[in-house]
Amino acid sequence: MNKLSTSQKLTHYISIFKKHSTNNKLIEGFESSFLVADELLKNVAEEVVLFDENKQQTTLSELLKANKGKVIYIDFWASWCAPCLVSFPDSKKLKKEFDEVIFLYLSIDTNFESWKAAHKKEELSANSYFILNTKTSDYLKKLAIDSIPRCLLLDQNGTIVNQNEYRPSSDKTPIALKKLLKSN
């Protein structure tokens, strides 16, 4: 199902599965994990559509607008990405050192429940979101967010300063953050 979830035909495959299975709990699990009810949102191109752990919807534009005037460090990750997971302790240290910087954690997972479990394990409750439309978002296509780990650094106006920012473990990351904070 994880491999099928990247297909535009997930709803079709689940409908076939429903015809051949009487296990409603399994069907509900698939539908919940792969957000079948939200299939239309997965096709939105003009925005990056996000869910929090409670499936409350927002967009990247709304988050950037809400945090205008602040430096933003965006970390694209996934629950299955070992280098991503290894970087979280360093990211937490940076967050403590630079409390005026907004750290956004945006997951490209295809399985909501897998993301939710990793999100909880890594204690990413604040500013952590599941991207619903990783395959169709024009913004993500433009940035070529097709491999992770990947970080972006945005200035106080929401303009991308570096679309391939250093990872949290790099000694160059604090330098870049300090420089951007001083430019304000």
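In which sense do β3 and β6 pair, and over how many bridges? They pair in the antiparallel sense, over five bridges. The legends below set this pairing in its surroundings. The structure is a predicted model, in which local features need pLDDT of at least 70 and side-chain atom pairs count only at pLDDT 80 or more, while totals for chains, interfaces and linings use all residues. Residues are numbered from 1 along each chain as its sequence is written, and side-chain values use heavy atoms, with hydrogens and water left out.

**View 1. The protein chain as a whole.**
The chain holds eight helices and seven strands. Helices (H or I, at least four residues) and strands (E, at least two) are DSSP runs, numbered from the N terminus. Of the 184 residues, 48% are buried. Here buried means under 20% relative accessible area, exposed means over 50%, and partly exposed lies in between (1.4 Å probe, protein chains only). Among contacts (heavy atoms within 4.5 Å) between residues at least 6 apart in sequence, 64% join residues at least 24 apart.

**View 2. The open sheet of seven strands.**
The strands follow the order β2-β1-β5-β4-β3-β6-β7, and their pairing is mixed. β2 (57–59) and β7 (160–162) stand at the edges with a single partner strand each, so one side of each has no neighbour in the sheet. On average, neighbouring strands are turned by 35 degrees against each other, direction ignored. Two strands count as paired if DSSP finds at least two bridges between them. Strands β4 (residues 102–107) and β5 (residues 128–131) run parallel and are joined by three bridges; in this pair, L106 stands opposite Y129 of β5.

**View 3. Helices α5 and α6 on the sheet.**
Helix α5 (residues 88–97) packs on the sheet, where it touches β3 (72–77) and β4, and its direction makes about 155 degrees with that of β4. Helix α6 packs on the sheet as well, touching β1 (49–51), β3, β4 and β5; its direction makes about 165 degrees with that of β5. For these angles, axes are lines fitted to C-alpha atoms, for helices over the stretch in contact, and angles run from 0 to 180 degrees between N-to-C directions.

Helix α6 (residues 112–121) has F112, W115, A118 and H119 as its buried residues. These residues cover an arc of only 130 degrees around the axis, which puts them on the same side of α6. The arc is that of the directions from the helix axis to the C-beta atoms. K120 and K121, on the other side of α6, are exposed. At the start of the helix, a side-chain oxygen of N111 comes to within 2.9 Å of the backbone nitrogen of E113. Just after α6, E123 takes a positive phi of about 55 degrees.

L152 is the bridge partner of I74. β6 and β7 run antiparallel and are joined by two bridges, and L154 stands opposite I160 in β7. The hairpin of β6 and β7 has five residues between the strands, and within the hairpin G158 takes a positive phi near 85 degrees.

**View 4. The disulfide and a further cysteine.**
A search of the whole structure finds one disulfide, a term for a pair of cysteine sulfur atoms within 2.5 Å. C81 and C84 form this link, with their sulfur atoms 2.4 Å apart. The link is right-handed, with 75 degrees about the S-S bond. C81 counts as buried because its relative accessibility is 4%, and C84 counts as buried at 1%. C151 is in no disulfide; the nearest cysteine sulfur, that of C84, is 8.4 Å away. C151 is also buried, with a relative accessible area of 1%.

**View 5. Helix α8 and what covers it.**
The buried residues of helix α8 (residues 172–182) are T173, P174, A176, L177 and L180. Seen down the axis of α8, they fall within an arc of 160 degrees, so they line one face of the helix. What covers them includes β3, α5, β4, β6 and β7. On the other side of α8, I175, K179 and K182 are exposed.

Technical notes. A polar contact is a pair of N or O atoms within 3.5 Å; within protein, one must be able to donate a hydrogen and the other to accept it, and residues adjacent in sequence count only if both atoms are side-chain atoms.
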